[in-house]
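I opened this notebook to look up charged side-chain pairs.

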Amino acid sequence: MINRHLLWLLPLIVLQSGCALLSPSYSEGQTQIDQWVKEKQYGRALKALNSVDPKDPHYLEAAEKRKQVEVLAAAYEHDIRQQNNQRLKQGDWAGALDSYDDALDRLPDSVVLKDGLAQLHRKQSEELERLELKRLRTHGNWLKETLPIYRDIARVDPRNRYAQDRLDKMQREAEDVADNLAIHGNRALANNNLDKAENLLGLAADLSDAPAIQESLKQLHAKQVDANQRERSARQKRLARQQAAEQRRQREIKSLLSRFDQAFNKREYSKARNYLRALAKANLATRRYRTLENKLDRAIEQESSRLFETGVNAYSRGKYSEAAKYWRQVLELQPNNKRAQENLERAERVINKLQQLKKKQHSN
């Protein structure tokens with residue numbers, strides 16, 4: 001007798017007219033779906049859940065289950081990608097490939113896993129190309145060092161047929177390596193990677209005097225000349241821009257210094273201080289800036305003392321508004337001058353009291 005769960009799992013038999021002979025029921029396949037989820041066979045579970053008939057009385061329950069499985073599948077995709085990235089860092093290419101194969105067997109329609117496998121194949125191709133190029137370079141350098149020795153042996157022992165055969169074999173091998181180096185060198189040349197092209201084509205030319213290799217070297221040298229000219233032109237332009245910027249800066253500094261001197265000579269020290277700040281932004285030489293700063297600080301200290309004492313004299317004569325004016329001027333020059341701030345507050349209190357008394361007198 002056929003198990004009814006297995007019967008539910010049979011594919012839909014579709015006639016040429018497109019009519020289905022079998023319609024799945026969620027209640028009959030729920031146990032198998034749960035088992036697939038437990039085994040992380042998310043593809044099978046989702047396929048079964050997606051095929052549940054909307055007319056099924058348990059359709060809403062199946063839809064909710066599908067959402068849960070989709071969340072689990074997404075987390076599974078993420079974990080596989082992270083695990084395989086870690087495997088690659090450890091150099092475990094076989095483990096990463098096997099892992100993607102197994103994961104895609106469980107979730108065959110996953111775009112995330114397919115993309116991960118595609119990236120893995122690209123990295124694999126890049127790494128294989130890098131290793132092959134390393135092999136060619138190593139072998140080419142060995143041949144470059146070894147061939148002259150074999151030539152000397154054949155020259156010293158010209159009647160030794162074995163020595164000549166061995167030399168001929170080595171030369172054929174050198175020609176083959178040179179051809180492969182030239183292929184990689186021309187590819188680098190096409191991508192304007194001139195340093196790499198020079199390294200590969202130069203080694204190829206050391207191993208073979210083939211006309212194609214010599215022609216590639218001519219193209220390389222032409223590109224190098226062009227690149228050097230462009231670099232020289234770009235360097236000259238950068239230098240011209242730097243010189244123009246420096247000239248503008250020097251003109252700005254000269255103008256600010258002139259304004260500073262004018263303000264300083266007029267004892268407009270607040271303006272002078274603003275010009276000094278602008279000079280700092282214009283990167284005036286530190287030593288010169290310090291000299292101006294000390295000069296201004298001394299002048300401000302003297303002017304502040306003079307204004308403060310003038311204010312004290314005005315206050316002692318009962319000229320409170322005049323005293324307040326002088327102390328405000330002190331604070332413009334020295335915002336942190338506590339004595340001036342305290343005296344100003346005292347003067348303002350007296351002025352306010354006098355104004356209140358005048359108002360009372362006028363009201364009476």
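The entries below go through salt bridges in this predicted model.

Entry 1. I began with the total. The count comes to 18 salt bridges. I kept in mind that side chains of opposite charge can pair when their charged atoms come close.

Entry 2. I looked up R230. R230 forms a salt bridge with D226, and their closest N and O atoms are 3.0 Å apart. I then checked where the two sit: both are in helix 9 (residues 211-265), 4 residues apart, which means about one helical turn separates them. R230 is exposed, at a relative accessible area of 52%. D226 is partly exposed, at 36%.

Entry 3. Next I took R238. What is the partner of R238 in a salt bridge? I found E231, with the closest N and O atoms 3.3 Å apart. R238 counts as partly exposed at 35% relative accessibility. E231 is also partly exposed, with a relative accessible area of 38%.

Entry 4. I turned to E303. E303 pairs with R267 in a salt bridge whose closest N and O atoms are 2.6 Å apart. E303 lies in helix 11 (residues 286-316), while R267 lies in the loop between helix 9 and helix 10 (269-281), so the pair ties together parts that are 36 residues apart in sequence. Is E303 buried or exposed? I noted E303 as buried, because its relative accessible area is 9% and the cut-off for buried is under 20%. R267 counts as partly exposed, at 45% relative accessibility.

Entry 5. Last, I looked for shared partners. Salt bridges that share partners join E231, R235 and R238 into one network.

Methods:
Residues are numbered from 1 along each chain as its sequence is written. This is a predicted model: local features need pLDDT of at least 70, side-chain atom pairs count only at pLDDT 80 or more; totals for chains, interfaces and linings use all residues. Side-chain values use heavy atoms; hydrogens and water are left out. A salt bridge is a side-chain nitrogen of Lys or Arg within 4 Å of a carboxyl oxygen of Asp or Glu. Buried means under 20% relative accessible area, exposed over 50%, partly exposed in between (1.4 Å probe, protein chains only).
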